[in-house]
Amino acid sequence: MCAPALPLIAAGMAALGTGVGALQANAQANYKAKIAERNAGLEREAWLQDQQNTRGEAQAQYRQMAKLQGQQRVAAGANGVAIDFGTAADVVADTKALGSEDVGRIYSSGFQKMRGRDIAASNYVGEANAARSAGTAALVKGVFDMGSTILGGAQQYNKYKKGN
């Protein structure tokens with residue numbers, strides 16, 4: 001009496017194991033998605049910090065440039081040289097031009113850092129989406145595998161029943 005039920009019991013146990021495995025794979029994929037989303041958030045925060053740092057560096061460069069221009073004007077005035085024209089005016093203008101180039105480099109470097117952060121955040125978002133899709137696929141596959149296992153067990157039971 002017990003022997004005919006063995007294929008059905010075995011199929012049920014195998015199907016249960018498949019279902020648990022599918023649930024575990026889904027949970028693991030969802031965990032990976034949460035980690036990737038968190039990493040994307042950290043990249044966005046770092047992007048904002050890079051933006052603030054770039055502005056701060058540029059402001060510091062502008063202050064340094066203004067300080068140097070002021071020192072040049074004071075030195076020229078102390079020596080009785082007019083700074084509205086001539087060499088003294090050229091020196092102040094050159095200081096401004098070189099300082100502006102430095103500010104441009106600061107902004108360019110900051111932009112590249114922020115661009116890298118933006119790309120990394122986008123990659124993490126893609127990773128999270130892929131992980132969620134993998135979790136869903138694991139569940140769907142698990143359901144089909146469970147059904148196949150149960151049908152196989154039923155088929156074996158049917159063969160046994162027909163043989164007796």
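A residue is called buried when its relative accessible area is under 20%, exposed when it is over 50%, and partly exposed in between, using a 1.4 Å probe and protein chains only. The structure is a predicted model, in which local features need pLDDT of at least 70 and side-chain atom pairs count only at pLDDT 80 or more, while totals for chains, interfaces and linings use all residues. Residues are numbered from 1 along each chain as its sequence is written, and side-chain values use heavy atoms, with hydrogens and water left out.

The axes of helix H1 (residues 6-78) and helix H2 (residues 86-163) come within 8 Å of each other and cross at roughly 175 degrees. H1 and H2 are therefore roughly antiparallel, a term for angles over 145 degrees. Helices here are DSSP runs (H or I) of at least four residues, numbered from the N terminus.

A salt bridge is a side-chain nitrogen of Lys or Arg within 4 Å of a carboxyl oxygen of Asp or Glu, and by this rule the count comes to six. Three of them are listed here.

| Salt bridge | N to O distance |
|---|---|
| Glu43 and Arg117 | 3.5 Å |
| Arg117 and Asp50 | 3.1 Å |
| Lys141 and Asp145 | 2.5 Å |

Arg117 counts as partly exposed because its relative accessibility is 30%, whereas Glu43 is buried at 15% and Asp50 is buried at 11%. Lys141 and Asp145 both lie in helix H2, four residues apart, about one turn of the helix. Lys141 is exposed at 51% relative accessibility, while Asp145 is partly exposed at 27%. Salt bridges that share partners join Glu43, Asp50 and Arg117 into one network.

Terms used:
Axes are lines fitted to C-alpha atoms, for helices over the stretch in contact, and angles run from 0 to 180 degrees between N-to-C directions. Helices (H or I, at least four residues) and strands (E, at least two) are DSSP runs, numbered from the N terminus. Angles under 35 degrees count as roughly parallel, over 145 as roughly antiparallel, 65 to 115 as roughly perpendicular and the rest as oblique.
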